[in-house]
Amino acid sequence: MNAFIVGSLFAGIGGIDLGFKNAGFEIAWANEIDHKSCATYKQNFKHNIICDDIKNITIASLSNIDILTGGFPCQAFSIAGNKKGFNDERGVIFFELIRLATQINPRIIFLENVKNLKSHNDGKTLQYIIDAIENLGYYVTYSVLNTCEYTNI
(Lines give C-alpha, C1' and ligand atoms only; values in the text may rest on other atoms or scores of the structure.)
Protein backbone atom coordinates (compact mmCIF):
# COMPACT_ATOMS: atom_id res chain seq x y z
CA MET A 1 0.00 0.00 0.00
CA ASN A 2 1.26 3.43 -0.93
CA ALA A 3 1.77 5.97 1.85
CA PHE A 4 0.00 8.77 -0.03
CA ILE A 5 -3.70 9.49 0.45
CA VAL A 6 -5.70 11.21 -2.30
CA GLY A 7 -8.66 13.60 -2.22
CA SER A 8 -10.50 14.29 -5.46
CA LEU A 9 -12.34 17.42 -6.62
CA PHE A 10 -14.48 17.46 -9.77
CA ALA A 11 -14.35 13.66 -9.62
CA GLY A 12 -16.88 12.95 -12.36
CA ILE A 13 -17.38 9.20 -12.53
CA GLY A 14 -13.89 8.61 -11.12
CA GLY A 15 -11.45 8.36 -14.03
CA ILE A 16 -8.57 10.11 -12.27
CA ASP A 17 -9.35 8.29 -9.04
CA LEU A 18 -9.31 4.93 -10.78
CA GLY A 19 -5.83 5.67 -12.09
CA PHE A 20 -4.57 6.53 -8.61
CA LYS A 21 -6.35 3.53 -7.08
CA ASN A 22 -4.89 1.15 -9.67
CA ALA A 23 -1.44 2.58 -8.91
CA GLY A 24 -1.89 1.63 -5.23
CA PHE A 25 -2.99 4.93 -3.72
CA GLU A 26 -5.78 5.23 -1.18
CA ILE A 27 -8.64 7.57 -2.10
CA ALA A 28 -10.01 9.21 1.06
CA TRP A 29 -12.84 11.25 -0.44
CA ALA A 30 -14.17 12.77 -3.64
CA ASN A 31 -16.43 15.64 -4.62
CA GLU A 32 -18.74 15.95 -7.63
CA ILE A 33 -21.71 18.21 -8.28
CA ASP A 34 -23.51 16.07 -10.88
CA HIS A 35 -25.82 13.60 -9.14
CA LYS A 36 -25.84 11.09 -12.01
CA SER A 37 -22.03 11.05 -12.01
CA CYS A 38 -22.13 10.58 -8.22
CA ALA A 39 -24.44 7.59 -8.61
CA THR A 40 -22.03 5.98 -11.07
CA TYR A 41 -19.07 6.86 -8.84
CA LYS A 42 -20.73 5.16 -5.85
CA GLN A 43 -21.10 1.96 -7.88
CA ASN A 44 -17.34 1.86 -8.51
CA PHE A 45 -15.80 3.15 -5.25
CA LYS A 46 -16.41 2.54 -1.55
CA HIS A 47 -14.96 5.74 -0.06
CA ASN A 48 -16.95 8.89 0.68
CA ILE A 49 -18.17 11.04 -2.21
CA ILE A 50 -19.61 14.44 -1.41
CA CYS A 51 -22.34 15.12 -3.98
CA ASP A 52 -22.48 18.89 -3.75
CA ASP A 53 -21.27 22.11 -5.33
CA ILE A 54 -17.59 22.69 -4.55
CA LYS A 55 -18.58 26.16 -3.30
CA ASN A 56 -20.31 24.45 -0.36
CA ILE A 57 -17.34 22.26 0.60
CA THR A 58 -15.52 23.22 3.79
CA ILE A 59 -12.25 21.94 5.17
CA ALA A 60 -14.14 20.62 8.21
CA SER A 61 -15.90 18.05 5.99
CA LEU A 62 -12.65 16.65 4.57
CA SER A 63 -10.08 14.27 6.01
CA ASN A 64 -6.35 14.89 5.64
CA ILE A 65 -4.78 14.00 2.30
CA ASP A 66 -1.36 14.11 0.64
CA ILE A 67 -2.48 14.55 -2.98
CA LEU A 68 -5.31 16.77 -4.20
CA THR A 69 -6.62 15.92 -7.68
CA GLY A 70 -9.00 17.87 -9.83
CA GLY A 71 -10.33 17.71 -13.35
CA PHE A 72 -11.82 21.19 -13.14
CA PRO A 73 -14.49 22.22 -15.70
CA CYS A 74 -13.07 22.49 -19.21
CA GLN A 75 -15.98 23.99 -21.15
CA ALA A 76 -14.70 27.56 -20.64
CA PHE A 77 -11.32 26.69 -22.18
CA SER A 78 -12.22 24.06 -24.79
CA ILE A 79 -12.27 24.69 -28.54
CA ALA A 80 -15.71 23.03 -28.44
CA GLY A 81 -17.02 25.82 -26.18
CA ASN A 82 -17.19 29.61 -26.35
CA LYS A 83 -13.64 29.93 -24.93
CA LYS A 84 -14.68 32.61 -22.40
CA GLY A 85 -12.14 31.35 -19.85
CA PHE A 86 -12.43 33.13 -16.53
CA ASN A 87 -15.33 35.19 -17.94
CA ASP A 88 -17.40 31.99 -17.84
CA GLU A 89 -18.95 30.85 -14.53
CA ARG A 90 -17.52 27.37 -15.17
CA GLY A 91 -14.03 28.82 -15.67
CA VAL A 92 -13.92 30.64 -12.35
CA ILE A 93 -14.71 27.40 -10.51
CA PHE A 94 -10.93 26.83 -10.70
CA PHE A 95 -10.59 29.38 -7.89
CA GLU A 96 -12.67 27.16 -5.59
CA LEU A 97 -10.02 24.49 -6.12
CA ILE A 98 -7.35 27.04 -5.12
CA ARG A 99 -9.42 28.01 -2.05
CA LEU A 100 -9.54 24.42 -0.86
CA ALA A 101 -5.91 23.72 -1.78
CA THR A 102 -4.90 26.69 0.40
CA GLN A 103 -6.80 25.21 3.35
CA ILE A 104 -5.87 21.56 2.78
CA ASN A 105 -2.21 22.24 1.98
CA PRO A 106 -1.58 18.90 0.23
CA ARG A 107 1.93 17.77 -0.65
CA ILE A 108 0.97 17.46 -4.33
CA ILE A 109 -1.72 18.99 -6.56
CA PHE A 110 -2.57 16.98 -9.68
CA LEU A 111 -4.85 18.73 -12.20
CA GLU A 112 -6.35 17.74 -15.55
CA ASN A 113 -7.98 19.79 -18.29
CA VAL A 114 -8.22 20.13 -22.08
CA LYS A 115 -5.39 20.57 -24.57
CA ASN A 116 -6.61 24.07 -25.48
CA LEU A 117 -5.88 25.33 -21.96
CA LYS A 118 -2.26 25.65 -23.06
CA SER A 119 -3.08 28.12 -25.85
CA HIS A 120 -6.25 29.72 -24.47
CA ASN A 121 -6.00 33.52 -24.50
CA ASP A 122 -2.52 33.28 -26.04
CA GLY A 123 -1.27 31.21 -23.10
CA LYS A 124 -2.27 33.82 -20.50
CA THR A 125 -4.90 31.57 -18.89
CA LEU A 126 -2.44 28.75 -18.30
CA GLN A 127 0.14 31.18 -16.97
CA TYR A 128 -2.43 32.61 -14.57
CA ILE A 129 -3.23 29.10 -13.33
CA ILE A 130 0.46 28.29 -12.95
CA ASP A 131 1.04 31.55 -11.04
CA ALA A 132 -1.90 30.80 -8.71
CA ILE A 133 -0.48 27.37 -7.88
CA GLU A 134 3.11 28.64 -7.54
CA ASN A 135 1.86 31.37 -5.19
CA LEU A 136 0.77 28.55 -2.88
CA GLY A 137 4.39 27.36 -2.80
CA TYR A 138 4.25 24.56 -5.37
CA TYR A 139 6.57 23.81 -8.27
CA VAL A 140 4.51 23.40 -11.45
CA THR A 141 5.13 21.19 -14.44
CA TYR A 142 2.62 20.30 -17.15
CA SER A 143 2.27 18.19 -20.28
CA VAL A 144 -0.26 17.72 -23.04
CA LEU A 145 -0.86 13.98 -23.26
CA ASN A 146 -2.51 12.05 -26.08
CA THR A 147 -4.79 9.29 -24.76
CA CYS A 148 -4.02 6.96 -27.66
CA GLU A 149 -0.37 6.83 -26.57
CA TYR A 150 -1.33 5.45 -23.13
CA THR A 151 -4.46 3.36 -23.68
CA ASN A 152 -6.19 1.08 -26.16
CA ILE A 153 -8.91 3.65 -26.84
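Which residues is leucine 9 in contact with, leaving aside its neighbours within four places in sequence? Keep in mind that this is a predicted model. The list includes Trp29, Asn31, Ile54 and Leu68. Thr69, Gly70 and Gly71 are on it too. Leu97 and Leu100 complete it.

Now the core. The largest nonpolar core has 28 residues. Within this core, Leu9 and Trp29 touch the most other members. The largest share comes from α3, with six residues.

There is also a second, separate core. That one has eleven residues, among them Val6, Ala11, Phe25 and Ala30.

Side chains of opposite charge can pair when their charged atoms come close. How many salt bridges does the count come to? One. The partners are arginine 99 and glutamate 96, and their side chains meet at 2.7 Å, N to O. Where do they lie? Both are in helix α3, residues 94–104. They sit three residues apart, about one turn of the helix.

Are these two partners buried or exposed? Glutamate 96 has a relative accessible area of 19%, and buried means under 20%, so glutamate 96 counts as buried. Arginine 99 comes out at 26%. Exposed would need over 50%, so arginine 99 is partly exposed.

Technical notes. Residues numbered from 1 in each chain as written. Predicted model: local features only at pLDDT ≥ 70, side-chain atom pairs only at ≥ 80, totals over all residues. Heavy atoms only, no water. Salt bridge = Lys/Arg side-chain N within 4 Å of Asp/Glu carboxyl O. Helix = DSSP H or I, 4+ residues; strand = E, 2+ residues; numbered from the N terminus. Buried < 20%, exposed > 50% of the residue type's maximum accessible area, 1.4 Å probe, protein only. Core = buried A, V, L, I, M, F, W, Y, C linked by side-chain atoms within 4.5 Å. Contact = heavy atoms within 4.5 Å.
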